[in-house]
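Please look over the structure below before reading the notes.

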Amino acid sequence: MTKRDYYEILEVSKSASREEIKKAYRKKAIQYHPDKNPGDKDAEERFKEAAEAYEILSDDNKKARYDQFGHAGMNGAGGFGGAGMSMDDIFSHFGDIFGDLGGFGFGGFGGGRQGQRVSKGSNLRVKVKLTLQEVAQGAEKKLKLKKYVPCKSCDGTGAEGRSGFSTCSNCNGTGQITRITNTILGRMQTSSVCNVCGGSGKIITKKCTTCYGEGIVQDEEVVTIKIPAGVSEGMQLNVSGRGNAARRGGVNGDLIVVIEEEPHLDLVRDGNDLIYPLFVSIPDATIGTTVEIPTVDGKAKIKVEPGTQPGKILRLRGKGIPDVNGYGRGDLLVTVNVWIPRDISKEERIILDKLNLSKNFQPQPTTEDKSFFQKMRNLFE
């Protein structure tokens, strides 16, 4: 299924300010809120879609990557970006947008969702080196990460069994402190996170002896990621939920994958095009030849026409790098360079003197000239 443009989802322009994007998202979230549209699967998908769009466009770095690379730069075929957000993710990430609107926010239509806030783990950042062939074809990489994971002894709660908890007396287990104040506009209700339990609604009375009440421990984890074809040096891909686990439950952080390209022995990348410097001898440039050149997928034969001049560019269409957004593929550009020998023998000098083009220039070589060129080519090989 093709994803819709994030700007189209929120109905804002690319030049929209952060406040305009926030306002547009608030409008969509209210319109498609599950409490307002019970049982409506389409509305729920629109709700998730708007949250995903806001997650990207409200972050300057993610927005810049999206503007440059589109959806492929955010979620290139392996779960990157905001794709796959659960309802819990959405309410935990964006509840603060509506938390100060007097109950007219997440849960404001039915009151069922406002309350405990869910923490989020920190992001991880890792560099991945790719060969030019992997860049052209896409790659699947297994990464061994040292990260925080939920403690197995307490299932990430930080408490020693069920008896290790007690209900927070400050918020009565809601995780929120609600205040009502009288203003000239009437009674206003505001909510904030409980400063005692941090929004969890519970107090640990007996800490887990493995994680000492943190709910997380350091461990190693192997993560498999898919990298789309056409990525480039410095591009960052976001793998949602594969970062550090959050303290005492919550939402995992993200894994930020930074792309590095390994230099190719023969080919140079220029955007989606590849450049190969081809060196031919004077005889080959004069009477023509067929040579084999490297490509990102293997090898290809190319014909050098008679009389090819230095600096000539021969184009092999579709032999470059695929566009990361799926808009075709670049070309392989072969730049012809004529190799001039530095040291020649006496016999070679005699041949070259007879071939002096300033004396014997002809628009097209004759059969006799070709025979002569062939003798000279043999001397250079």
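A salt bridge is a side-chain nitrogen of Lys or Arg within 4 Å of a carboxyl oxygen of Asp or Glu. This is a predicted model, in which local features need pLDDT of at least 70 and side-chain atom pairs count only at pLDDT 80 or more, while totals for chains, interfaces and linings use all residues. Residues are numbered from 1 along each chain as its sequence is written, and side-chain values use heavy atoms, with hydrogens and water left out.

**Buried glutamates**

- Glutamate 348 is found in helix α9, residues 346–354; helices are DSSP runs of H or I with at least four residues, strands are runs of E with at least two, and both are numbered from the N terminus.
- Glutamate 348 is buried yet has no salt bridge; buried means under 20% relative accessible area, exposed means over 50%, and partly exposed lies in between, with a 1.4 Å probe and protein chains only.
- The nearest side chain of opposite charge to glutamate 348 is that of arginine 349, 8.5 Å away; for charge, Lys and Arg count as positive and Asp and Glu as negative, while His and the chain ends are not counted.
- A polar atom of the glutamate 348 side chain lies 2.8 Å from the backbone nitrogen of serine 345.
- Glutamate 55 lies in helix α3, residues 41–57, and counts as buried because its relative accessible area is 10%.
- The side chains of glutamate 55 and lysine 62 make a polar contact at 3.4 Å; a polar contact is a pair of N or O atoms within 3.5 Å, where within protein one must be able to donate a hydrogen and the other to accept it, and residues adjacent in sequence count only if both atoms are side-chain atoms.

**The sheet of β1, β9 and β8**

- Three strands form an open sheet in the order β1-β9-β8, with mixed pairing; two strands pair if DSSP finds at least two bridges between them.
- β1 and β8 (236–239) stand at the edges with a single partner strand each, so one side of each has no neighbour in the sheet.
- The twist from one strand to the next averages 30°; axes are lines fitted to C-alpha atoms, for helices over the stretch in contact, and angles run from 0 to 180 degrees between N-to-C directions.
- β1 pairs with β9 (residues 255–261) in the parallel sense over seven bridges, and arginine 125 stands opposite isoleucine 256 in β9.
- β8 pairs with β9 in the antiparallel sense over four bridges, and leucine 237 stands opposite valine 257 in β9.
- In a regular strand the side chains alternate between the two faces of the sheet.

- β14 and β15 (residues 332–339) pair in the antiparallel sense over four bridges, with leucine 316 opposite leucine 332 in β15.

**Loop residues with positive phi**

- Most residues other than glycine have a negative phi.
- Glutamate 11 has a positive phi, near 60°, and is found in the loop between α1 (6–10) and α2 (18–32).
- Glutamate 11 is exposed because its relative accessible area is 60%.
- Asparagine 172 has a phi near 60° and sits in the loop between β3 (165–167) and β4 (176–183).
- Asparagine 172 counts as exposed because its relative accessibility is 64%.
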